Amino acid sequence: MSFQKLTGHDFSPNIFICKYCSVLPFLANKSFVLSVEEETTALTALQFIDYHDKNIFRTALKAVCCRSKQQLNEFDALFNQYWKEIADAGDAKLKQEQQPAAKPVVKDASFKSLKAWLNGKKSDEIEEVASYSLYESLSQKNFADVPDDEVEELMRNIRALSKRLAAHINRRYEKDNRINLPDLRRTLRKNLRRGGELLELAFRKPKQNRTKLVVICDVSRSMELYAAFLLQFMYAFQQVYKRVETFAFSTSLQHITQLLKQNDFHAAMRLLSAQNEGWSGGTRIGKSLHAFVKDHVLKFLDKKTIIVIMSDGWDTGDIDLLQQSMEVIHNRSKKVIWLNPLAGYTDYKPHVAGMKAALPFINVFAPVHNAESLRSLGKWL
Amino acid sequence: MIQLNDIKQMLLQQGYITDESVAMSVFLSLKLNKPLLIEGPAGVGKTEIAKVMAKALQTDLIRLQCYEGLDATHALYEWNYQRQLLHLKMTEHTAQSIDEKEQTIFGDAFLMKRPLLQAITQDKRPVLLIDEIDRSDEEFESFLLEVLSDWQITIPEIGTIKAINIPQVILTGNRTRELSEALRRRCLYLYIDYPDFEKEYLIVKNKVNGADTKLATQITKFMQELRVMKLEKTPGIAETLDWAAALSALHIDYLNKEIIEQTLGVVLKDWRDTRQVQMSLSELMEKTGVIPKIDRA
């Protein structure tokens with residue numbers, strides 16, 4: 001496609017412009033999503049600027065090609081890299097390198113930063129931790145791979161998304177075909193002060209969704225990388241959505257609804273750790289769910305309640321107990337949602353004994369490895 | 001024909017201190033007729049760009065403030081049914097047929113235009129500010145996509161209204177949630193971060209009448225240091241300007257510990273932040289040169 005064709009203006013294509021334009025395929029190879037439309041826009045933009053000035057050209061291209069903060073941060077380095085490669089290659093054809101392979105993060109580093117964050121230590125030192133992709137959005141980043149300097153922002157994002165999700169579910173209405181019809185009784189009552197002259201209409205309002213939620217979160221050692229983010233999610237969710245009861249377990253079950261009502265999340269976490277001796281220890285899902293069935297099912301579970309269990313399913317306890325408890329929970333609730341952080345990995349299969357035992361009683365089995373997966377929880381609530 | 005330098009001049013004339021990337025994005029957004037999506041922390045002047053553009057282009061600014069639960073009705077139009085009822089009551093005993101009456105009450109006089117409809121029916125191309133788009137629901141974002149690409153709105157009782165002039169659209173967001181890729185694709189993207197010392201100093205000098213040079217320097221240095229601290233709510237330029245204006249109004253031309261403590265509430269809006277800053281105030285004052293540095297070794 002010639003430049004003239006793309007822009008629709010009387011531009012004579014020359015080597016200079018063609019050279020400049022080849023930066024677009026280069027960027028496209030580096031994870032910038034540039035369709036024909038974007039390329040057309042980029043080329044159209046050229047006619048309005050002095051494209052001989054490299055700095056102006058760079059700023060214009062940046063404005064047209066970038067769609068996120070991450071891309072803006074990376075653009076200048078890539079632009080310079082392009083020109084360096086051009087210079088190195090002379091006039092020969094530009095050899096496009098394959099995108100560098102993803103480097104897995106050192107999990108210890110993430111874990112350390114998470115610990116520091118939970119203890120309220122806000123370190124100014126930024127540790128160098130490799131990340132999967134330069135362009136990977138924070139909400140899609142696996143909780144286990146979040147580097148030190150992004151924990152704070154991710155927690156902020158989770159708080160915001162959790163509150164939005166809770167507000168969204170709060171606003172939902174039960175399905176009713178009679179909504180938007182005038183409500184005669186309320187209309188007459190509203191207009192009584194005007195002597196019955198109908199000026200203000202009242203409409204039938206749909207019934208608000210009154211679904212109750214019970215969330216049970218596994219905080220054992222195997223879930224430690226995820227638990228802080230999940231607890232943050234539950235903490236923020238509970239501030240907006242009032243019909244929720246929250247529990248946490250590792251070797252025993254603890255009802256934490258009241259604890260999460262603290263003003264400060266860090267204070268809530270400190271209280272939780274102090275009260276729970278088995279915090280971050282082994283996992284007894286069966287025993288914990290049995291305790292839930294024994295002590296809380298009658299009070300909190302009914303056919304209007306959705307139960308969400310967040311766990312990786314690694315159980316070191318009695319599997320039969322887990323199976324029996326799951327059956328009771330399944331029979332008494334509206335829906336059982338099991339969120340497993342390991343399910344975020346493409347090759348994951350629920351082969352562990354605990355997970356296998358629970359699967360027949362689960363209505364929704366989904367991953368909970370990043371902020372995006374937490375957002376999609378809204379689909380099932 | 002407007003050139004890049006004209007945009008810089010226009011923004012500067014309206015008191016908006018800008019840099020190359022902001023000017024280029026605004027310029028290309030105008031030239032390419034593309035909406036401009038501006039993201040950045042609170043209080044860095046995202047909304048201000050739309051206001052300044054409207055002033056510079058001498059056109060109307062139409063603002064659609066987004067919030068959770070905002071729906072198409074509140075963004076497009078509503079029928080003034082109270083007025084319709086009154087009109088029907090008044091024409092009860094006239095010889096008009098039902099069809100005629102219906103035609104009258106579903107006319108322009110009874111239509112309450114909301115920001116989107118208002119924006120496409122203006123004679124002069126307005127600036128449409130869709131503020132805090134990330135606060136709206138995903139459903140509204142999808143609806144907005146449709147309007148932004150077709151620039152026409154269908155009202156069942158009237159028909160389809162096509163845009164007289166396509167408005168200059170500015171969308172802002174605080175990144176409280178990820179916006180859809182489809183919306184991003186339709187827009188030019190601009191991220192405004194907290195300003196560096198030079199830019200913030202210029203903004204203070206330019207925006208706050210009577211701001212003393214020493215005071216402006218001290219305030220700017222102090223704010224720059226505050227942003228390095230990890231606070232719950234990092235103060236933006238808006239807070240800097242409020243603080244500078246407050247201190248100027250009090251005829252204060254330098255900072256000291258007492259003044260900072262008394263006026264900290266103008267800058268910090270979270271009790272945890274206030275406590276944190278109060279605890280490290282001496283160190284902050286040393287760093288910003290408000291008090292001479294003490295060699296602790």
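Biologist: What makes B:His251 count as exposed?

Modeller: Before that, a word on the model: it is predicted, so local features need pLDDT of at least 70 and side-chain atom pairs count only at pLDDT 80 or more, while totals for chains, interfaces and linings use all residues. Residues are numbered from 1 along each chain as its sequence is written, and chains are lettered from A and ligands numbered from 1 in the order in which they are written. B:His251 has 8 C-beta neighbours inside 10 Å, so B:His251 is exposed.

Biologist: Where is B:His251 found, and what is its phi?

Modeller: B:His251 is in the loop between α12 (237–249) and α13 (257–267) of chain B; helices are DSSP runs of H or I with at least four residues, strands are E runs of at least two, and both are numbered from the N terminus. Its phi is near 55 degrees, a positive value in a residue other than glycine. Most residues other than glycine have a negative phi.

Biologist: And why is B:Gln58 called exposed?

Modeller: B:Gln58 has 7 other C-beta atoms within 10 Å, so it is exposed by that rule. B:Gln58 also has a positive phi, near 50 degrees, and lies in the loop between α3 (46–56) and β2 (61–65) of chain B.

Biologist: What is B:Ile17 in contact with?

Modeller: Leaving aside neighbours within four places in sequence, B:Lys199, B:Leu202, B:Ile203 and B:Asn206. A contact means C-beta atoms, placed from the backbone, within 7 Å. B:Asn206 is 189 residues from B:Ile17 in sequence, yet 8.3 Å away in space, C-alpha to C-alpha.

Biologist: What makes something a nonpolar core?

Modeller: A set of buried Ala, Val, Leu, Ile, Met, Phe, Trp, Tyr and Cys residues, joined through C-beta atoms within 7 Å. The largest one here has 87 residues, and A:Val64 and B:Val204 are among those with the most contacts inside it. A second, separate core of 64 residues includes A:Phe247 and A:Ile306.

Biologist: How many residues does each chain bring to the contact between A and B?

Modeller: Chain A brings 29 and chain B brings 25. On the chain A side, α8(A) gives the most, with seven residues.

Biologist: Why do you say β1 and β2 of chain A pair?

Modeller: Two strands pair if DSSP finds at least two bridges between them. Strand β1 (residues 212–218) of chain A and β2(A) have six, in the parallel sense. In one of these, A:Cys217 has A:Ala248 in β2(A) as its bridge partner. Strand β2 (residues 244–249) of chain A is mostly covered, with five of its six residues buried.

Biologist: Last one: which residues meet where α5(B) and α6(B) come together?

Modeller: B:Gln84, B:His87 and B:Leu88 in α5(B) meet B:Lys101, B:Thr104 and B:Ile105 in α6(B).

Conventions
A residue is buried if 20 or more other C-beta atoms lie within 10 Å of its own, exposed if 12 or fewer, and partly exposed in between; C-beta atoms are placed from the backbone. Two residues are in contact if their C-beta atoms, placed from the backbone, lie within 7 Å.
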